[in-house]
Structures are given as C-alpha cells and as structure tokens.
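Biologist: Please take a close look at one pair of packed helices in this model. How are two packed helices described?

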Amino acid sequence: MNLNTQTTGYVYSKDILRYRFSNDHPFNQMRLKLTTELLQDSGFLTAGHIIKPRIATDEELALIHTYDYIQAIRHASHGILNDTEAVKYGLGGDDTVPFRRMHLHSARIVGGALELADKIMQGEITNGCHLGGGLHHSLPGKANGFCIYNDVAVTARYLTQNYGARVLVIDTDAHHGDGTQWSFYADNQVLSYSIHETGKYLYPGTGHYTERGDETGFGYAVNIPLEPYTEDASFLDVFKRSITPVVESFQPDVILSVHGVDIHYLDPLTHLCCTLEALYQIPYIIKDLADTYTDGKVMMMGGGGYNIWEVVPRAWSHVFLALIDEPIQHGPLSKEWIRKWQHYAPHPLPTVWEDGKHGFPYLPRAEAITETNLRHANQVISWFK
C-alpha cells in the first residue's frame, strides 16, 4: 500500500532501537518493537504507514540545543569526553550514560519527528505517531532523565520557524515535561501543558502549577500536578476539565502530544495508579481535540513507560489506533504475537486487551487524593476563563 493512500504515518526503523544505554537500563526500546509487531500482527499497521526516520542535522538540533552540547554528545559517542565534561553535560550519573554512536542514534530520533512534521504540515498525511520519540527531559545544554536530544522541543521550534505554526504540547507522561517547558518558558508561540505526578516524590521535582512561564511566555506553561496513587477517574476528570479551556484559549495550529505510559500502576518507576482504561482513552481525547481545533494535525510521541511486556505494547497500540479511527480494542491479543514473544518474556504475557488489574493496591485515601487533584486543576482552569 502506498503511503499516499494513508492519512496516518508511523515513524519506525530497526535503527531506532539502537538508542540504548545498556542491557539492564530501564529505558529499553524493545518496547517499541513489541508495540510495532503487535500492531502488525493484529492487522492494523501496514508497510504503507511506515515513515523511515532521517538523521537530524546539527543546525536542526541547534534549534534547541547549544552547539557545545552537540559536540560533547558527539565526543561522548566516541569515548573521548572526560569525566568533568561528562558531568557538565549531564552524562556523569547512572541515568543518562554515554553509549556507542549516541549522537547518531539520538539525532535519528529527532529526524524521525521532523520527517513526520513535514509530511503533516505539507498535507501528505493528516496525523502520525513517533513512539520511539518523546524524549522530553533533555535540556538545551544538558542530557537529562534518559534523554539526549529533546525531539519534542526541536520539533516544536521547527514548526514555529518553518511553518509559522502555533504549537500546543500536551504531555501526559507521569514525569513532568521539564526539558520542553524550560525550552519555551519565555515563548508565546509554543504552549506546554503537562499533567504528571507531583514532583514532591518523583523526578524531576518540577511542574508545580505556579510554573506559568516568563516574560512574553507568561501563561504559556501549564502544569497539572497529581498526587501519588491517583486513579483513572481522577486523572481523566482533571485532564478533560483542564485541557479543553487551554486549547480553546491558545487556538493551536498543530498538537504535539507525549504519551508516556508510566502512569500505570504496574510501572516500576512511578507512583500513580491508573490502568489501561485511562491509557486507552487519552489518545482518543487528544485526537478529538485535534479534529476540532487543528484540522486533525497531531503528532503523538512515546515517552516513558518501563513495564515493557504487560503495559507498553497494549497502551501504545492505542495511540496509533486512535489516529486511524479504530475503536478501543477488546478480547484476545494476537496469538502470533504471544507465540513469538512469550519465550523472551520474564513472566506470562497478557492474552487479552483488557487490563486484569492484578496486584492493584488498596488505596485508603482515594477521596482525599481526588479532592487535592481537583483543587489544583480548578486553580489552573480559573486562569483560562
């Protein structure tokens, strides 16, 4: 099938899987391969949807990142960055560590996002997803939180400069989208909206609702911090209440969304208690907003998600399914997918699309958590009335 007959793009190549810190690092792009093959084996994703990523140029990376940082990443890729410089550029700890050809593989993730952006803005396709991207923690001059180059921020700047677009970033990852926010903190062409677990107990410790932007960007940073152990109903209620007035006020030309699925209660790195029911609904809500306000122009990116066998493939599949207007799935998963991957999984793979909620914790403070979340959301909503 020719891509021109499709309205949705899917950025993918085996080379994207080479963005890999180590075999035991929690950021594991195997989750992207698992998702892609689940969509293919289920008959939804075809060759005609696939967009091969290119390598972003230094000039494109420099839309956000400093030239000295780009050179430092290139040096680290070849093992010639000293320890002092490594610490300076965010590569000195255990979270974001140098790996072979790091610059090339990181620039490819950015290039995939830019390739998708061009095809959407030039009318070749209506929308698309780049689940290997969503590296929203990287700062202009520093690696951060598993992220080398910030494809979300570079793409947003690329859209404003090349197409004069007003860009809305919607980030539903459990972690605050700090790198994206700080890149546009004094900018009124890009509005960053992040709904996330409060930074009181979770990296990166930012994203308080009082972080609203600066100078001409005041009011263009929107943060909805949620209490630990927030469940589906509270998350979805707060999200829907707050995102609509933001979109109506900003009137974007295109939406970039980050779909970290680490809000799930089985995620090993976070403390939220959502299920697949919420994760399935989120991309459909954003797709509806795009259809209403941006003539369908939306790019959906990946982000966090560290339970790569039980959670990520089913959740991320629904990002693509929302874009192609397929309904939320029920019933058995592809037997071929299960047969192919069960041998490699550390525990039995799920066999159905539904979330069994095994191991779901008892939450004695659910009402208090919901009240706190709503109080913070209402404070933010009041600024857009």
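Modeller: The protein has 12 helices and eight strands, where helices (H or I, at least four residues) and strands (E, at least two) are DSSP runs numbered from the N terminus. This is a predicted model, in which local features need pLDDT of at least 70 and side-chain atom pairs count only at pLDDT 80 or more, while totals for chains, interfaces and linings use all residues. Residues are numbered from 1 along each chain as its sequence is written, and side-chain values use heavy atoms, with hydrogens and water left out.

Two packed helices are described by the angle between their axes and the distance between the axes. Helix α1 covers residues 30–41 and helix α10 residues 312–323. Their axes lie 9 Å apart, at an angle of about 60°; axes are lines fitted to C-alpha atoms, for helices over the stretch in contact, and angles run from 0 to 180 degrees between N-to-C directions. That angle makes α1 oblique to α10, since under 35 degrees counts as roughly parallel, over 145 as roughly antiparallel, 65 to 115 as roughly perpendicular and the rest as oblique. The crossing of α1 with α10 is right-handed (the near helix is turned clockwise from the far one by less than a right angle).

On the α1 side, the contact (heavy atoms within 4.5 Å) uses R31, L32, L34, T35, L38 and L39. They meet V312, P313, R314, W316, S317, F320 and L321 of α10. By class, this contact of α1 with α10 has nine nonpolar, two polar and two charged residues; Ala, Val, Leu, Ile, Met, Phe, Trp, Tyr, Cys and Pro count as nonpolar, Asp, Glu, Lys and Arg as charged, and the others, Gly among them, as polar.

Along its principal axes, the C-alpha trace of the protein spans about 50 × 50 × 45 Å.
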